[in-house]
Amino acid sequence: MDKRFAGKTAFITGGTGALGTAIGKRIAQEGGKVYLADLKPEPTDSIAAAFEGLVAPVIVPLDVTSDADWRQTLDAVVAEAGKLDVLVNAAGVVGNGSFLIDALPTADWQRIMSVNVDGTFLGTREAIRVMKDSGGGAVVNIGSTTAFVSSLDAIPYNVSKASVRALTRNAAFSAGKSGYRVRVNAVHPTWVWTPLVEAMLVKRFGSKEKALEVLLAQHCVDRLPEPADIANAVAFLASDEAAIITGADLVVDGGRTLG
């Protein structure tokens with residue numbers, strides 16, 4: 001396997017979830033030093049299994065909605081590792097229920113925006129701050145196919161991911177035009193088949209088989225992406241192979257947004 005991240009340091013939010021762990025594993029497989037950040041992180045058997053035979057990740061606590069947490073944590077990473085090369089903003093939350101626009105609780109809107117939008121903004125800003133003076137780097141934000149469509153009753157989530165998309169483009173332009181040598185891109189997955197998603201969809205549709213039947217009918221391929229599929233896309237955008245790519249949307253959706 002290529003060692004695209006040899007000598008590089010990567011910091012991943014939402015790091016102890018299935019997606020964050022898969023991204024960290026992919027980067028570690030290619031020689032990177034990995035930090036996995038989460039609100040209340042705990043080393044788990046699944047993380048240990050994912051990194052078996054690899055350098056173990058550093059697991060750190062982080063409230064992505066906190067200015068102070070971001071600044072202190074990334075400064076500590078740079079002090080320990082020497083520099084930060086890659087930031088992946090993968091932390092995110094979904095709604096507590098389904099609401100039409102006229103019944104949408106303010107608290108639900110604010111909670112989702114705080115984590116998905118404010119958290120991504122703070123991470124992007126602070127990563128650029130520490131990267132610009134050490135040769136540059138790459139920020140990859142995790143968006144969603146919902147950034148490209150409208151919703152009847154999941155409005156805050158869709159708006160939050162559309163905001164992540166706009167933030168990515170503007171941050172890329174600002175950093176690039178300022179000569180910072182920091183690229184900012186976004187990966188937009190469709191439904192990713194994780195244990196959490198499976199449990200949610202089985203509850204909604206009654207069975208795994210019915211859930212897959214409904215969801216796959218929306219796509220052009222015969223399976224939903226797994227965390228490793230998203231990790232592969234992130235690793236490409238974070239690597240020097242994508243050195244000329246910034247402000248881009250990489251949609252990993254099996255053709256869901258084509259129709």
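How many residues of domain 1 are in contact with how many residues of domain 2? In this predicted model, five residues of domain 1 touch six residues of domain 2.

## Overall form

The protein has 259 residues, and its radius of gyration is 18 Å; a compact globule with that number of residues would have a value near 18 Å, so the two agree. Along the principal axes, the C-alpha atoms occupy a box of roughly 50 × 40 × 35 Å. Eight helices and seven strands make up the secondary structure.

## Domain organisation

Two domains are assigned: domain 1 spans 9–190 + 226–252, and domain 2 spans 193–224. Taken over C-alpha atoms, the centres of domain 1 and domain 2 lie 24 Å apart.

## Area between the domains

The size of an interface is often expressed as the accessible area that is lost when the parts come together. Here, domain 1 and domain 2 bury about 420 Å² between them, and carbon and sulfur atoms account for 56% of this area. On the side of domain 1, Thr 190, Glu 226 and Asp 229 contribute 64% of the area buried against domain 2, more than any other three residues.

## Polar and charged contacts

One salt bridge is counted between domain 1 and domain 2. A salt bridge joins the side chains of Asp 229 and Arg 223, with an N to O distance of 2.8 Å. Asp 229 is also one of the three residues named above for their share of the buried area.

Two residue pairs are in polar contact across the interface of domain 1 and domain 2, both at pLDDT 80 or more. By class, the side of domain 1 that touches domain 2 comprises two nonpolar, one polar and two charged residues.

Key: Residues numbered from 1 in each chain as written. Predicted model: local features only at pLDDT ≥ 70, side-chain atom pairs only at ≥ 80, totals over all residues. Heavy atoms only, no water. Domains from an automatic or database assignment. Contact = heavy atoms within 4.5 Å. Buried area = accessible area lost by both parts, 1.4 Å probe. Salt bridge = Lys/Arg side-chain N within 4 Å of Asp/Glu carboxyl O. Polar contact = N/O pair within 3.5 Å; in protein donor to acceptor, adjacent residues only side chain to side chain. Nonpolar A, V, L, I, M, F, W, Y, C, P; charged D, E, K, R; others polar. Helix = DSSP H or I, 4+ residues; strand = E, 2+ residues; numbered from the N terminus. Rg over C-alpha atoms; globule rule 2.2 N^0.38 Å.
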